[in-house]
Amino acid sequence: MKRREFLKTMGTGTVVAGTGLVAACGPKECPTVEAAAVVAAGETFEWKMVTAWPLNFPGLGTGANYLARIIGEMSGGRITVKVYGGGELVPPFEAFDAVSRGTVEMGHAAPYYWKGKTPTAQLFSAVPFGMTASEMNGWFYHGEGLDLWRETYEPFNMVPFPAGQSGVQMGGWFNKEINSVADLQGLKMRIPGLGAEVLKRAGGTPVTLPGAELFTALESGTIDATEWVGPYNDLAFGLFRAAGYYYYPGWHEPTATLECFINGDAWRALPADLQAIVEQACKAATQDMTAEFTARNPAALEQLVSEHGVQLRRFPDDVLVRLKTIAAEVVAEIGAIDALSRRVYDSYMAFMAQVRRWHDISDLAYLEARNLGPR
Ligand code: CA
């Protein structure tokens, strides 16, 4: 019997041996107590989660903590997950290998970090000028997205789940204004994923650096610009002290889907009810991260502008159009790598084509309407 059904069938007053649970039935009505004790005393799992973030980093690190905590709570302690910051057990960008090899059971990162393993992974994370958080979730949970992602990680003996959405990010921190496409020439910018390739073809020099190294690189002039996430994260990193111009919109990351990936052997060793708990916990973590960013970004932006004198700038239209044109080429190339990447690309593009027709007359039209007349 599943734990949930068992709890429902129990009456009042009986303490279930070894579980600390108080049953809700009299002894005569509790024929399943023994069975429950067997389930409760069953195998427990002590997992380690490596992450690509500094420990407790706002939004991302705390998102990993949240996931670990609710898996423990929802499973009544049958799975405990200990979270490690990037570099504690393995460097941030080795989380994929560590989980693939089974050194640890679980990882929390962003799929685009693994483009060197499988370029297709980038389509599950952030596509320049691609889908937003709610659109990605539609594709994952009610389209083909999650099945295709699992197929992509299967050769690495890993099972992925969405485990967070950043929402639309900021365009980044720049130490000079970007007034035209010419200003991108030679621009040395930390930017991950497909956005990096787009910037490169637009004349810039993309650099990959883990989050912990951003501030120093920007402050010392090793790089001219960096993107990170949005006001909540960027304020915490103090990036406003290293560069004065804060650009929007985050054309390169209309959201970043964060991921939880689980070693295939560890996953298959879980009983079905614990698998369901992990899966639903990841879904809850996805929702919670969106909610956290929605709640925290506005106040952080206000603080950046009013207290720290940050100069907000919108990318000029001609810069965005140029980047968008290049992005279409770059993303299409991912879809031409092999048969699987073609299926992922086709599925992504078909879903986006349909959902944008709806969102043009729902979300977009509504937000425009809300800004008409007096605020
Ligand atoms: Ca970012």
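Student: Which residues coordinate the calcium ion?

Tutor: Gln169 (OE1), Glu227 (OE), Glu227 (OE), Trp228 (O) and Glu253 (OE) coordinate the calcium ion, at 2.1 to 2.9 Å. Donors are N, O and S atoms within 2.8 Å of the metal, or 3.2 Å for Na, K and Ca; water is not among the atoms, so sites may look incomplete.

Student: What spacing do the donors follow along the chain?

Tutor: The calcium donors follow Q-x57-E-W-x24-E.

Student: Ground rules before we go on?

Tutor: This is a predicted model: local features need pLDDT of at least 70, side-chain atom pairs count only at pLDDT 80 or more, and totals for chains, interfaces and linings use all residues. Residues are numbered from 1 along each chain as its sequence is written, and side-chain values use heavy atoms, with hydrogens and water left out.

Student: Back to the site. Are glutamate 227 and tryptophan 228 buried or exposed?

Tutor: Both are buried. Buried means under 20% relative accessible area, exposed over 50%, and partly exposed in between (1.4 Å probe, protein chains only). Across the protein, buried residues make up 51% of the 375 residues.

Student: Which residues have the most contacts inside the largest nonpolar core?

Tutor: Leu60, Tyr113, Trp139, Trp173 and Trp228, in a core of 85 residues. A nonpolar core is a set of buried Ala, Val, Leu, Ile, Met, Phe, Trp, Tyr and Cys residues joined through side-chain atoms within 4.5 Å.

Student: Which helix gives the most to this core?

Tutor: Helix α12, residues 317-334, with 8 residues. Helices (H or I, at least four residues) and strands (E, at least two) are DSSP runs, numbered from the N terminus. The protein has 13 helices and 13 strands.

Student: Which domains does the core draw on?

Tutor: It takes at least three residues from each of domain 1 (44-168 + 258-293) and domain 2 (172-255 + 295-337). Those bounds come from an automatic or database domain assignment.

Student: What is leucine 60 in contact with?

Tutor: Leaving aside neighbours within four places in sequence, leucine 60 is in contact with Trp53, His108, Trp228, Val229, Asn233, Leu258, Met289 and Phe293. Contact means heavy atoms within 4.5 Å.

Student: How many residues are in the second core?

Tutor: That separate core has 26 residues, including Leu67, Val159, Phe161 and Ile277.

Student: New topic: rings. How many aromatic pairs are there?

Tutor: The structure holds 25. Take phenylalanine 96 and phenylalanine 261: their ring centres are 6.2 Å apart and the planes are at 50 degrees, so the pair is tilted. Rings of Phe, Tyr and Trp (its six-membered ring) pair if their centres lie within 6.5 Å; planes under 30 degrees apart count as stacked, over 60 as edge-to-face and the rest as tilted.

Student: Where do those two sit?

Tutor: Phenylalanine 96 is in helix α4 (residues 95-101) and phenylalanine 261 in strand β12 (residues 257-263), 165 residues apart. Both are buried.

Student: And the backbone? Where is the cis peptide bond?

Tutor: It joins tyrosine 248 and proline 249, with omega about -5 degrees. Proline 249 is in the loop between β11 (245-248) and β12.

Student: What is the phi of asparagine 56?

Tutor: About 65 degrees, positive although asparagine 56 is not a glycine. Asparagine 56 lies in the loop between β3 (45-51) and α3 (61-74).
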